[in-house]
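Subject: Structure handover

Hello,

Please find the sequence and the structure below. My notes on helix packing and on a pocket follow.

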Amino acid sequence: MENEIQTHLTLIIPGRRKNIRSTEKRDKVLHVLGLCLVYVLLAFAALVILLPFYYMIAASFMTEDELTAGAFFPMAGNILENIAFNYGNTINNEGFPYASLVVNTLVVGLCTTCGSLVVTILSAFAFSRLNFKGREILFTIFLSTMMIPGEMMVITNYITMSNLGLAYAGQNRFQIYLTLILPFLCNVFYIYLLRQNFKQIPNELYLAAKVDGKSDWQYLWKVMVPLASPTLITIFILNLIESWNSYVWPNTIIMNLDSNLSVLSVALRGTSFQYYSHEVYRPMYTWQMAATVLTTVPLLVLFIIFRKYIMRGIARAGIKG
């Protein structure tokens with residue numbers, strides 16, 4: 001039957017079979033060339049992105065002489081000794097107390113993230129489920145603040161912290177924690193993200209909860225929060241990463257010079273890694289690279305582990321407006 005149809009088509013449109021075959025070959029060639037071009041561009045972009053990370057790690061495995069000589073690969077025979085020397089001296093450096101810095105950064109990050117989650121949940125619920133006058137206008141004003149760069153808020157936040165008596169040269173650990181946490185308990189982007197997710201929950205569930213005698217508070221925590229858990233996990237991870245990487249505000253507000261009261265980003269930038277040898281202080285860039293690796297790798301591991309939840313949470317929030 002197929003041969004008869006082809007013969008019939010050939011009789012009606014002579015020479016068309018050759019044109020179809022040549023067109024198919026041309027399409028296949030163009031498709032292959034397009035894929036090759038795409039993969040070449042992706043490989044180039046990946047190389048540009050990954051090269052600094054590779055050199056950061058490779059430099060932390062070198063000796064200082066190798067690094068200053070411009071070596072691109074560490075010497076294979078000395079890697080273990082270099083790792084022990086560079087990372088051991090970095091962790092035990094008085095100007096870079098790694099354990100204290102990690103504790104301070106985690107405390108600030110976790111408190112900021114948990115507090116921001118509570119504010120985000122309550123705000124998103126109000127903007128998605130509660131009906132009150134001016135709700136849409138207020139939410140539009142909230143969204144418009146996303147166009148303001150965060151750096152422009154540094155001065156006003158600094159004045160606020162100073163008026164609260166938290167920003168001065170003799171501030172203690174608790175005051176430093178408060179100055180780093182309070183300005184970031186509200187994030188408009190996360191409120192918008194969760195609001196979009198809350199709006200996807202059918203209104204019938206809310207009506208059924210009301211029939212069962214549940215209050216808005218009970219409906220929020222027993223129905224909406226569990227259903228929005230992928231988005232909440234995404235917000236938690238992104239907020240923690242943002243707090244871990246924060247530099248401008250901590251560098252501005254931490255006035256106590258005690259390195260044990262600082263956070264990783266500020267200490268990494270402000271510490272001068274030097275090695276005393278032959279009555280001369282020698283800058284150690286390999287220690288600087290080792291400190292950078294110790295600061296960066298935890299975030300990479302966190303992102304690799306939870307990347308599925310991040311993508312899933314963002315996708316769920318963007319399905320329906």
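At roughly what angle do the axes of H5 and helix H11 (residues 216–227) cross, and within what distance do they come? The axes cross at roughly 105° and come within 12 Å. Please keep in mind that this is a predicted model.

With that angle, H5 and H11 are therefore roughly perpendicular to each other. On the H5 side, the contact is made by Ile121, Leu122, Phe125, Ser128 and Arg129. These residues meet Asp216, Trp217, Tyr219, Leu220, Trp221, Met224 and Val225 in H11. By type, the residues of this contact of H5 with H11 comprise nine nonpolar, one polar and two charged.

Next, H5 and H9. Their axes come within 8 Å, and the crossing angle is roughly 50°. H5 and H9 are therefore oblique to each other, and their crossing is right-handed. H5 contributes Ser116, Thr120, Ile121, Ser123, Ala124, Phe125, Phe127, Ser128 and Arg129 to the contact. The residues they meet in H9 are Tyr190, Ile191, Leu194, Arg195 and Phe198. Sorted by type, the contact of H5 with H9 has eight nonpolar, four polar and two charged residues.

The remaining pair is H5 with H12. Helix H5 (residues 98–129) packs against helix H12 (residues 229–245) at an angle of about 140°, and the two axes are 9 Å apart. That angle makes H5 oblique to H12. H5 passes H12 in a right-handed crossing. From H5, the residues in contact are Thr105, Leu106, Val108, Gly109, Leu110, Thr112, Thr113, Cys114, Ser116, Leu117, Thr120 and Ile121. Across from them in H12 are Leu232, Ile235, Phe236, Asn239, Leu240, Ser243 and Trp244. The residues of the contact of H5 with H12 are divided into eleven nonpolar and eight polar, with no charged ones.

The largest pocket has a volume of about 990 Å³. Its lining consists of 33 residues, and Gly150, Pro183, Phe184, Asn187 and Glu242 lie nearest the centre. Which elements give two or more residues to the lining of the largest pocket? They are H5, helix H7 (154–163), helix H9 (188–198), H12, helix H13 (248–253) and helix H14 (264–270). The lining of the largest pocket divides into 20 nonpolar, eleven polar and two charged residues.

To tie the two parts together: H5 meets residues of H9 and of H12, and H5, H9 and H12 are among the elements that give two or more residues to the pocket lining.

Regards

Notes. Residues numbered from 1 in each chain as written. Predicted model: local features only at pLDDT ≥ 70, side-chain atom pairs only at ≥ 80, totals over all residues. Heavy atoms only, no water. Axes fitted to C-alpha atoms, helices over the stretch in contact; angles between N-to-C directions. Helix = DSSP H or I, 4+ residues; strand = E, 2+ residues; numbered from the N terminus. Parallel < 35°, antiparallel > 145°, perpendicular 65-115°, else oblique. Left-handed = near helix turned anticlockwise from the far one by under 90°. Contact = heavy atoms within 4.5 Å. Nonpolar A, V, L, I, M, F, W, Y, C, P; charged D, E, K, R; others polar. 1 Å grid on protein atoms, 1.4 Å probe; cavity = no way out; pocket = protein on both sides within 12 Å on 5 of 7 lines; lining within 4 Å. Points joined across faces, edges and corners; volume = space filled by probe spheres on them.
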